[in-house]
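I opened this entry to look up the helices and the charged pairs. My notes follow the display.

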Amino acid sequence: MNIKNRIWSLPVISGVIFGMGLAVSVFFSNEALNDIKRTGDVDYVVLSQTGVLQASVQAIADDMKNAVMEGDKKRLVTVDETAAKITEQIKRLGALPGQKTNGERLGSEFRDYYASAQTASKIMLEMEKGDAPVAISKMQSSFNALSTDLGSSVTNAKNQFGAGIQNSAHSVQLVMIAGILVAAVVMLVLATVSHFIVRTIWHQLGGEPEYARKIAQAVAAGDLSIDIEMDEKHRNS
């Protein structure tokens, strides 16, 4: 390889090394962005929706209790509308990534609770006949099961959100560490490659480029009496 090609190889190699370092940095950056996006778009939404769902279920239970205590039969119609909204909330929760099974289970538990609550309320409001103690017992049992599951869902959502925050922070730290390591490796490799190329060019010229130019000019002028001095390495080669 001639001197010109050796010199041009340095920026080419530099570009390749820089591109590889940039690719590594981009990879870790994308991982960090994905973690942050997943925490915001999934973990936070799950936490928010489970909390809202828990409050909605408690609200409908209170509404039905108040309707019975006040003897307000018409209020059960409003409760039906609330139940429909809760059903939609559960569907939206189940549509989130990783929440299908949870949504299906909560949906089933809510249907069981609401059906038993409606039956118990109508019996106590004398809208239909039935065994009130049995109906109330079934309603309380299904409500406790739903409430316990909702509590667990909220706790799991909080834990998942906390883990997502930690993962995002860890990913950002990895980006910083990767950037520092990539920069250090690029500098080290470039220094090594530059040293090698300069060394080979030096070896090929036999000394300082300016000194080699003076010798070439003297020879071109016909002065063959010039004393050529070479370093020890070239003198022995």
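**Helix H2**

I looked up helix H2 (residues 75-94): it has 20 residues and reaches 29 Å from its first C-alpha to its last, close to the 28 Å expected at 1.5 Å a residue. The expected span is 1.5 Å times one less than the number of residues; helices are DSSP runs of H or I with at least four residues, numbered from the N terminus. This is a predicted model, in which local features need pLDDT of at least 70, side-chain atom pairs count only at pLDDT 80 or more, and totals for chains, interfaces and linings use all residues. Residues are numbered from 1 along each chain as its sequence is written, and side-chain values use heavy atoms, with hydrogens and water left out.

I then listed the buried residues of H2, among them Leu76, Val79, Ala83 and Ile86 (buried is under 20% relative accessible area, exposed over 50%, partly exposed in between; 1.4 Å probe, protein chains only). Seen down the axis of H2, the buried residues fall within an arc of 130°, so they line one face of the helix; the arc is taken over directions from the helix axis to the C-beta atoms. Val77, Glu81, Lys85 and Lys91 are exposed on the other side of H2.

**Salt bridges**

I searched the whole structure and found six salt bridges (a side-chain nitrogen of Lys or Arg within 4 Å of a carboxyl oxygen of Asp or Glu). Arg75 pairs with Asp63 at 3.6 Å between the closest N and O atoms. This pair joins helix H2, with Arg75, to helix H1, with Asp63, 12 residues apart. Glu70 also meets Arg75, at 3.2 Å, N to O.

How values were computed:
Helix = DSSP H or I, 4+ residues; strand = E, 2+ residues; numbered from the N terminus.
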